[in-house]
Amino acid sequence: MSDQKWIETYKCSLQSYSLEQLRHISEQGVWSLGQMYNHLILASLDYLDQVEMCAAAGEEQKLGKTEAGEHLYQLGGFPPIKIKLPDGPANSPSNTESIEDLMRGLDQVWQKIKEWEGKLNTINPNYKVKHAGFGWLNAQEWFALVDMHLRHHLRQKCELEEGYKQ
């Protein structure tokens, strides 16, 4: 499964950073590596919570994805652009987490992925939870969003690593 590969990639890189590198902010408005990791963990856990909400839904939802949601899932991932997010906890990440805290967070994401991947096919695909930008997503779509999001931030990770090497 590709989620494991991405989690392992992030964990391996995380072990190579000093605390100074992890918290380095190259310029105003740009996240540190630690903030990016914190965002990845919080967003992934949120997406997996939405999977759980879909599983617990007792009513089918006839509405579907927005145009942006349809486009995202047709592409199979986020376009290679920078996306400005609205303010919110997952979008204003902490820059105080330790390497160990972030490692535990990645482990928690991986445990939840393993918990849900075997159950996805048992969840009614018409049980959905609304995403603010992508519309009504079912459990399988929320689960796929974890992978798409992890892959999307690999580009940012490389840019941030370059920023502290300069």
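**Salt bridges and a buried lysine**

Asp107 is partly exposed, its relative accessible area being 30%, where partly exposed covers the range between buried (under 20% relative accessible area) and exposed (over 50%), as judged with a 1.4 Å probe on protein chains only. The structure is a predicted model, in which local features need pLDDT of at least 70 and side-chain atom pairs count only at pLDDT 80 or more, while totals for chains, interfaces and linings use all residues. Residues are numbered from 1 along each chain as its sequence is written, and side-chain values use heavy atoms, with hydrogens and water left out.

The side chain of Asp107 meets that of Lys11 in a salt bridge with an N to O distance of 2.6 Å, a salt bridge being a side-chain nitrogen of Lys or Arg within 4 Å of a carboxyl oxygen of Asp or Glu. This pair links distant parts of the chain, since Asp107 belongs to helix α5 (residues 99-117) and Lys11 to helix α1 (residues 2-14), 96 residues apart; helices (H or I, at least four residues) and strands (E, at least two) are DSSP runs, numbered from the N terminus. Lys11 is buried, with a relative accessible area of 16%. By the salt-bridge rule, the count comes to 7.

Another salt bridge joins Lys112 to Asp49, with 3.1 Å between the closest N and O atoms. Here too, distant parts of the chain are linked, with Lys112 in helix α5 and Asp49 in helix α3 (residues 33-56), 63 residues apart. Lys112 counts as buried at 16% relative accessibility, whereas Asp49, at 34%, counts as partly exposed.

In a further salt bridge, the closest N and O atoms of Lys65 and Glu141 are 2.6 Å apart. Lys65 lies in the loop between α3 and α4 (67-75) and Glu141 in helix α6 (residues 139-165), so the pair ties together parts that are 76 residues apart in sequence. Lys65 is partly exposed at 22% relative accessibility, and Glu141 is buried at 14%.

Glu141 is also the nearest side chain of opposite charge to Lys128, but at 6.0 Å, and the buried Lys128 has no salt bridge; in this assignment of charge, Lys and Arg count as positive and Asp and Glu as negative, while His and the chain ends are not counted. Lys128 is placed in strand β1 (residues 128-131). A polar atom of the Lys128 side chain lies 2.9 Å from the backbone oxygen of Leu63. When neighbours within four places in sequence are left aside, the residues in contact with Lys128 (heavy atoms within 4.5 Å) include Leu63, Gly64 and Trp136.

Definitions and conventions:
Polar contact = N/O pair within 3.5 Å; in protein donor to acceptor, adjacent residues only side chain to side chain.
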